[in-house]
There are 2 protein chains.
Amino acid sequence: MVLASRNDAKLVELRRILALAGLDVELVALPDGPDVPETGATFAENALIKARDAVRVTGLPAVADDSGLTVDALGGMPGVLSARWSGPLPGASRAERDAANNALVLAQLTDVPEERRGSAFVCAAAVVTPAGAERVVHGEMRGRLLREPRGDGGFGYDPLFLPDGQNRTSAQLRPAEKDAISHRGHAFGQLAAVLRELLAL
Amino acid sequence: MVLASRNDAKLVELRRILALAGLDVELVALPDGPDVPETGATFAENALIKARDAVRVTGLPAVADDSGLTVDALGGMPGVLSARWSGPLPGASRAERDAANNALVLAQLTDVPEERRGSAFVCAAAVVTPAGAERVVHGEMRGRLLREPRGDGGFGYDPLFLPDGQNRTSAQLRPAEKDAISHRGHAFGQLAAVLRELLAL
């Protein structure tokens with residue numbers, strides 16, 4: 001099966017989650033090639049766009065996720081624009097984009113008081129088979145945004161995000177701890193059942 | 001009556017609108033002093049916060065507006081954060097802030113196709129009297145966002161905004177043309193009746 005992504009951290013995270021679910025499936029990264037434009041208005045649309053394109057390119061069953069941060073005080077954004085919240089930033093590395101996006105969200109929330117800093121990571125995960133079967137599931141992790149980054153783990157907005165019931169940010173949790181509560185963990189936990197059914201695993 | 005703002009362009013625009021409505025009222029700008037934090041979650045809350053503070057400081061009846069751009073593909077944002085969409089930008093001039101905010105919105109919408117570039121300018125206008133009477137009215141101007149700025153007039157996001165039914169941006173319309181269709185024009189058109197009642201003008 002192909003994961004419609006070239007993000008190594010995500011590949012590692014998803015392989016671990018699928019192994020925990022006991023799924024006997026080899027997950028490979030998408031081969032090099034042009035990225036399909038993620039122009040969907042929702043996480044689900046983007047996940048389907050990516051999974052369909054990966055099937056088209058590889059002929060393999062494909063799983064794709066689209067995830068992002070929804071911030072209450074930003075009307076649910078950055079949302080589908082999470083990875084591009086500061087704009088396209090041509091030539092920037094992933095770490096530079098993450099740093100720019102984190103800095104922008106913090107700057108935008110400068111005057112937003114504690115009681116309105118609620119937020120959630122949301123994940124839509126799609127499976128598409130070469131025969132054309134399609135499924136989408138969702139997962140969510142609620143929390144709130146701090147006023148400065150904390151922790152070196154994870155990626156994206158993890159250093160800003162304090163999950164409900166935790167005293168460490170997503171970037172301070174150990175990978176297994178994060179999987180157990182994360183939006184992606186919740187979505188992929190449901191995906192395991194979908195994959196068993198669609199792929200007869 | 002005091003306008004709870006130190007934005008000269010806005011003062012000029014509102015004086016013209018009130019004169020057009022035939023209101024015999026002298027509109028003065030807010031005297032120098034600390035700005036009240038605009039921490040409301042809505043345009044109406046912010047307009048009331050500013051008008052109440054202007055009454056407290058001056059003892060005069062106060063009118064305040066809070067306006068902003070709502071972008072469909074940004075979940076209704078920049079919204080109440082319109083003037084601070086790039087963050088506080090300490091030391092930046094108003095023109096520099098406007099330029100930074102315009103550039104950021106354009107960058108965020110890079111991959112957003114034409115059919116999802118709908119937008120609206122929204123204005124909430126509040127009147128508060130020293131006796132404690134309070135009213136809020138709203139105005140809206142629908143349109144869509146272009147891919148580059150056009151025109152030198154207006155302020156804020158005007159150069160990006162093509163009002164419905166127009167072939168010039170808000171920054172290309174003459175002031176009187178803009179008043180006739182603008183969110184602020186619509187709100188202040190309603191405000192004239194409110195002022196006549198509350199202030200017995």
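Biologist: How many residues of chain A are in contact with chain B?
Modeller: In this predicted model, 19 residues of chain A are in contact with 19 residues of chain B.

Biologist: What area is buried between chain A and chain B?
Modeller: About 1,600 Å² is buried between the two chains, and carbon and sulfur atoms give 60% of that area.

Biologist: Which three residues supply more of the area that chain A buries than any other three?
Modeller: Those are A:Gln108, A:Asp111 and A:Arg116, which supply 26% of the area that chain A buries against chain B.

Biologist: And how many salt bridges are found across the interface?
Modeller: Two salt bridges are found between chain A and chain B. One of the residues involved is A:Arg84, which forms a salt bridge with B:Asp111. The closest N and O atoms of A:Arg84 and B:Asp111 are 2.8 Å apart.

Biologist: How many residue pairs are in polar contact across that interface?
Modeller: Six residue pairs are in polar contact between chain A and chain B, counting pairs with both residues at pLDDT 80 or more.

Biologist: How do the residues on the side of chain A that touches chain B divide into nonpolar, polar and charged?
Modeller: That side of chain A has nine nonpolar residues, seven polar residues and three charged residues.

Biologist: Turning to symmetry, what rotation superposes chain A on chain B?
Modeller: A rotation of 180° does so, with 0.0 Å of shift along its axis and an RMSD of 0.0 Å. The two copies are therefore related as by a two-fold rotation axis.

Biologist: Which C-alpha of chain A is nearest the axis?
Modeller: The C-alpha of A:Gly75 is the nearest in chain A, at 2.6 Å from the axis.

Biologist: Is A:Cys123 buried or exposed?
Modeller: A:Cys123 is buried, because its relative accessible area is 0%, under the cut-off of 20%.

Biologist: And B:Cys123, buried or exposed?
Modeller: B:Cys123 also counts as buried, at 0% relative accessibility.

Key. Residues numbered from 1 in each chain as written. Chains lettered and ligands numbered in written order. Predicted model: local features only at pLDDT ≥ 70, side-chain atom pairs only at ≥ 80, totals over all residues. Heavy atoms only, no water. Buried < 20%, exposed > 50% of the residue type's maximum accessible area, 1.4 Å probe, protein only. Least-squares fit on C-alpha atoms with pLDDT ≥ 70 in both. Contact = heavy atoms within 4.5 Å. Buried area = accessible area lost by both parts, 1.4 Å probe. Salt bridge = Lys/Arg side-chain N within 4 Å of Asp/Glu carboxyl O. Polar contact = N/O pair within 3.5 Å; in protein donor to acceptor, adjacent residues only side chain to side chain. Nonpolar A, V, L, I, M, F, W, Y, C, P; charged D, E, K, R; others polar.
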